[in-house]
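This report covers selected local features of one protein chain. The sequence and coordinates are shown first.

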Amino acid sequence: MAGALPLILAWQLDSKEMGKFTQNEWLKATSKLKISSLPPLVTALSDLDNLLILNQSLVKSNPKTDPYDRGTYLNYARNIKEAYQRLYMFCFNLAKPEQSKNIDMEVTSFTACFAINLFANISLSTNAKTSAALWSVILSPKYPVMQEVLEFISENESVYKATNKDLWTMMLEFCETVKPDLQDYESDGAWPTLLDDFVEWKKAKVT
């Protein structure tokens, strides 16, 4: 599974632990979607990826020929922004270690580690449970400015070491509300320090 598909799968299963799922979680989700084999599952996950993250057009549904029950998909389609926000916040809670308020910031590859460990039923290493890696698959494809944010974080790994819930939430708000050229960014708008620093960094690059 590539990109955000492993995270979307975890979300649909309502998994409680990164890289693992229980038999009950699996059976409950696949029964609801009326899925009994891998190809319809991949289709269901790809449909959500296209709808929520890649901003593609809604798939036309026909209950008689659909490879799975698209009822949940169509419900998400009624309010894509809300559905995406639910997925986004789920990812924070999934990746956050128990008893911790933060996710590590380390920049690393996410998809391969998650996919390998998911099907091997092994917990992910801490390095794979990082906000930068998650942002690279759930924010960057949807909001191109995030690619530059990740570049900035990569250049300053020794400065930014963790992401709390406030930064996680504000990063999405930044992507949703601030124009790519950053002209409407207000430095006195109570943004996290990381974003203030990113804006200064980007403006310095273009001057």
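## Helix α5

The expected span of a helix is 1.5 Å times one less than its number of residues. In this predicted model, α5 runs over residues 80–95 and has 16 residues. From its first C-alpha to its last, α5 reaches 23 Å, close to the 22 Å expected at 1.5 Å a residue.

The buried residues of α5 are A83, Y84, L87, Y88, F90, C91, F92, L94 and A95. An α-helix has 3.6 residues a turn, so residues three or four places apart point the same way.

## Positive phi values

Most residues other than glycine have a negative phi. D14 has a positive phi, near 55 degrees. D14 is placed in the loop between α1 (5–13) and α2 (23–33). Its relative accessibility is 42%, so D14 counts as partly exposed.

L182 also has a positive phi, near 65 degrees. This leucine lies in the loop between α9 and α10. Is L182 buried or exposed? L182 counts as buried because its relative accessibility is 1%, and the cut-off for buried is under 20%.

## A negative surface patch

D181, D184, E186 and D188 form a negative surface patch. One of these residues, D184, sits in the loop between α9 (165–177) and α10 (193–205). The loop between α9 and α10 also holds L182.

D184 has a relative accessible area of 32% and is therefore partly exposed. Residues in a patch need over 30% relative accessible area.

Definitions and conventions
Residues numbered from 1 in each chain as written. Predicted model: local features only at pLDDT ≥ 70, side-chain atom pairs only at ≥ 80, totals over all residues. Heavy atoms only, no water. Patch = residues over 30% accessible without salt bridge, like charges linked within 9 Å, V, L, I, M, F, W, Y side chains within 5 Å. Areas by Shrake-Rupley, 256 points an atom, 1.4 Å probe, with all protein chains shown as cover. Salt bridge = Lys/Arg side-chain N within 4 Å of Asp/Glu carboxyl O. Lys, Arg positive; Asp, Glu negative; His and termini not counted. Charge placed at Lys NZ, Arg CZ, Asp CG, Glu CD. Helix = DSSP H or I, 4+ residues; strand = E, 2+ residues; numbered from the N terminus. Buried < 20%, exposed > 50% of the residue type's maximum accessible area, 1.4 Å probe, protein only.
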